[in-house]
Amino acid sequence: MIVERTIRVGPLELFTIVCEPERGGNGPWIVMLGGIHEDHTGPSRLWAELSRRWARAGLRCARVDVSGMGESSRSDTDPLVQNFDLVWASNVLTIGPALDPQDPTNCVYVGMCSGAFIAIEGALGSRARGLCVINPPLGIDYIHAITRLDQSSWRHAHTLARPMRRLLDNNPWMGADMA
């Protein structure tokens with residue numbers, strides 16, 4: 001059996017759905033972050049289905065709406081939502097400490113599309129246990145992500161940066177400004 005509940009996370013009170021085993025979970029929190037056009041359910045309900053499956057396997061999952069997406073509000077003074085959103089990058093840094101105040105590194109960030117970049121920011125900023133990026137958008141944001149990973153003191157970040165750098169080196173058009 002699993003339990004799902006809504007909570008508000010961090011100082012911005014980001015809307016989050018927690019899905020965990022009824023008798024408590026183990027391991028790190030799995031933090032799921034959607035892209036610019038998704039909310040806590042994920043693309044085609046992917047986050048909802050995965051979190052339930054993983055909770056049945058004993059893991060604790062948190063499906064988070066960053067500010068301005070889904071059920072989380074966005075300040076009128078913040079800039080409009082964009083593909084690589086600096087507001088989201090700051091939002092995601094509050095998630096780990098809110099879910100596990102004793103060990104904010106006890107998270108694995110999972111992000112898809114533009115959510116992949118905020119997952120990278122969350123993992124690097126909190127020195128998380130893990131990171132999974134799915135289909136990150138290519139272009140100038142891709143170069144930013146590689147740079148952030150290369151500059152990190154977290155050794156796992158360098159492991160992720162190497163294949164991303166090779167892909168960019170073999171396909172230089174990906175970093176071209178298409179505007």
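A: This is a predicted model. Begin with burial: of the 179 residues of the chain, 48% count as buried. The chain exposes about 9000 Å², and carbon and sulfur atoms supply 53% of that area.

Q: In which order do the elements of the chain run?

A: The chain has six helices and six strands. Read from the N terminus, their order is β-β-β-α-β-α-α-β-α-β-α-α.

Q: Which residues touch the most other members of the largest nonpolar core?

A: The general idea is that in soluble globular proteins, nonpolar side chains tend to be buried together. Here the largest nonpolar core holds 32 residues, and Val 31, Leu 33, Ile 95 and Tyr 109 touch the most other members. Helix α4 (residues 114-126) gives the most to this core, with six residues. A second, separate core has eight residues, including Leu 50, Cys 61, Val 110 and Met 112.

Q: What does Leu 33 touch?

A: Beyond four places in sequence, its contacts include Trp 47, Val 64, Val 66, Val 92, Ile 95 and Tyr 109. Gly 115, Ile 118 and Ala 119 are also among them.

Q: Why is Ile 134 classed as partly exposed?

A: Ile 134 lies in strand β6 (residues 130-134). Ile 134 is partly exposed because its relative accessible area is 28%, and that class lies between the cut-offs of 20% and 50%.

Methods. Residues numbered from 1 in each chain as written. Predicted model: local features only at pLDDT ≥ 70, side-chain atom pairs only at ≥ 80, totals over all residues. Heavy atoms only, no water. Helix = DSSP H or I, 4+ residues; strand = E, 2+ residues; numbered from the N terminus. Buried < 20%, exposed > 50% of the residue type's maximum accessible area, 1.4 Å probe, protein only. Areas by Shrake-Rupley, 256 points an atom, 1.4 Å probe, with all protein chains shown as cover. Core = buried A, V, L, I, M, F, W, Y, C linked by side-chain atoms within 4.5 Å. Contact = heavy atoms within 4.5 Å.
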